[in-house]
Amino acid sequence: MSFSHSVAQRFNNKKRLVKVSWEKTRDEDEVLSSRPQAQAKLLELFGRAVLSDKLLREMLPEYTYKKLIAVREAEREMDSDVAEQVAAAMKEWATRQGATHYTHWFQPMNGYTAEKHDSFISLNKNGGIDLKFGGFNLVKGEPDASSFPSGGIRSTFEARGYTAWDMNTPAFLRKGISKGQSEYTTLCIPTAFSSYTGDALDSKTPLIRSEEVLSKAAVRLLHILGETDVKRVYSTLGAEQEFFLIDRGFYLLRPDLIATGRTLIGARPPKGQELEEHYFGKMPRRVQACLEEVDQELWELGVPSMTRHNEVAPSQYEMAPIFEKSTLACDHNMLTMEIMRDVAKKHGLVCLLHEKPFSYINGSGKHNNWSMSTNTGKNLLNPGVTPEQNLTFLTFLTAVLRAVHLHGDLLRAVVTVPGNDYRLGANEAPPAIISVFLGSHLNAVRALWCCVCVCVCSICDRC
């Protein structure tokens, strides 16, 4: 069948598809009733599918748990005894809740997550099976990397890729997708993905390496400033995820939207976002039902989803979490996008995550609320009540300003993907020039400190 014939057939079926779509929309009570009838209390629900530190502390001997934390904080190397005990605890916890498989969950450079499922079963000498999951299975995996993006760093016959356990994100359970199946079936172990030569094959490995460099430099600076109790600094992140939710019936009428994630043809709508009445407006009931179910699944996986609201463009929405460690926040954002796509289908909707799916209206961003925190719980970019007297804040703020000034081109380059570049102009990010806006109060503080620095330099003969 030719492409043109396929398009014609889709449009010939337009009335039928749209009729079905609107029948579903009108029957809102049926849609709303698809939500779980008995919703667990939030405190009981949050993190129910996550092997948290609290659970590990209860399941592991005290000395093993302390060793595990020391490994995570880069204070010692992982040894086989710790890995074996942690693996045994993971398997016990997962199988007790119905899991039959485990997977090293990683993020190759294609914008999606990847996983290869292996069952816990192992044949015994009697022809039966035992459930086995050892330290080696936990710490390292070896999936075939030949079909993943690599930037041409190795030949096909050298295509071995390795996954390594990332302890910054706790292991979690995912439910089965069979009809009527609601129990957990797969233990997901977050991992980094690299080649045989150590080259990064994912986006997580460079992030972890960057965090190490940041921590080393920041701790050194804090010790100079007198804060010698700080042992580690990490960046924090809260990613505001914007997206479109459109009726699946209309989506199926657009081959360009199906194939590319954005519209390539079509007339401009008679009304867009000119009045901006959609922003923070009342959500349609079907959309709210969808996002409520998304929140339920996210909370179960320990994702601190906090905010949801209408965005500027018609049919555009946003969900935002509480900020957390950047490595954990990135994993949670990947889970969020995956769950939004899956849940939207249940409600007769399609979740569009392309940066610019429609012309003439706003595209979808992922605004990053970024900062740095210490292992003692101090936010290094928190100005406090008297920022002009907060030496730590001013020092790190100055360092960030200088970094943006020196490396603005690099910051712009890392977000220069085709989808983002469609968003240039108007009120949308990213801008062509990366800059920093501090606000009038902090600008006044900055000007005051600049004057102090000039005065100090004028009377100092050390230079």
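Which residue stands opposite Met319 in E11? Gln241 does. I'll come back to that pair in a moment.

First, the ground rules. This is a predicted model, so local features need pLDDT of at least 70, side-chain atom pairs count only at pLDDT 80 or more, and totals for chains, interfaces and linings use all residues. Residues are numbered from 1 along each chain as its sequence is written, and side-chain values use heavy atoms, with hydrogens and water left out.

Now the overall picture. The protein has 16 helices and 14 strands. Those are DSSP runs, numbered from the N terminus: helices are H or I with at least four residues, strands are E with at least two. There are 463 residues, and 42% of them count as buried. Buried means under 20% relative accessible area, exposed means over 50%, and partly exposed is in between, using a 1.4 Å probe and protein chains only. Next, contacts, meaning heavy atoms within 4.5 Å. Take the contacts with a separation of 6 or more: residues 24 or more positions apart account for 68% of them.

Back to strand E11, residues 316–321. Is E11 enclosed or open? It is largely enclosed by the rest of the structure, because 5 of its 6 residues are buried. E11 has two partners to look at. Strands count as paired if DSSP finds at least two bridges between them. Strand E9, residues 233–247, pairs with E11 in the antiparallel sense over 4 bridges. That brings us back to Gln241 opposite Met319. Strand E10, residues 305–310, is also antiparallel to E11, over 5 bridges. There, His309 stands opposite Glu318. E10 and E11 form a hairpin with 5 residues between the strands. In that hairpin, Ser315 takes a positive phi near 65°.

What does Thr236 touch, leaving out residues up to four places away in sequence? The list runs Phe323, Glu324, Lys325, Ser326, then Asn369, Trp370, Ser371, Met372 and Ser373.

Ser326 leads us to a helix. H13 covers residues 326–346. The expected span of a helix is 1.5 Å times one less than its number of residues. For the 21 residues of H13 that gives 30 Å, and the end C-alpha atoms are 30 Å apart, which agrees. H13 is also largely enclosed by the rest of the structure, since 16 of its 21 residues are buried. After H13 comes Gly348, with a positive phi near 70°.

Helix H12 next. H12 has 16 residues and reaches 23 Å from its first C-alpha to its last, close to the 22 Å expected. It is mostly covered, with 13 of those 16 residues buried. Gly302 follows H12, and its phi is positive, near 80°.

Phe46 lies in the loop between helix H4 (42–45) and helix H5 (53–59). Its C-alpha is 4.8 Å from that of Glu300, although the two are 254 residues apart along the chain. Beyond residues up to four places away in sequence, Phe46 touches Trp299, Gly302, Val303 and Pro304. Phe46 counts as partly exposed, because its relative accessibility is 40%.

Phe280 is not a glycine, yet its phi is positive, about 60°. It sits in the loop between helix H11 (255–260) and helix H12 (285–300). At 56% relative accessibility, Phe280 counts as exposed. Tyr360 is not a glycine either, and its phi is positive at about 75°. Its loop runs between strand E13 (349–352) and strand E14 (366–374). Tyr360 is exposed, with a relative accessible area of 54%.

Last item: a helix pair. The axes of H9 (residues 204–224) and H14 (residues 391–414) come within 11 Å and cross at roughly 140°. Axes here are lines fitted to C-alpha atoms, for helices over the stretch in contact, and angles run from 0 to 180 degrees between N-to-C directions. Which residues make the contact? From H9, Ala218, Leu221 and Leu222; from H14, Thr392, Thr395 and Phe396. They divide into 4 nonpolar, 2 polar and no charged. Here Ala, Val, Leu, Ile, Met, Phe, Trp, Tyr, Cys and Pro count as nonpolar, Asp, Glu, Lys and Arg as charged, and the others, Gly among them, as polar.
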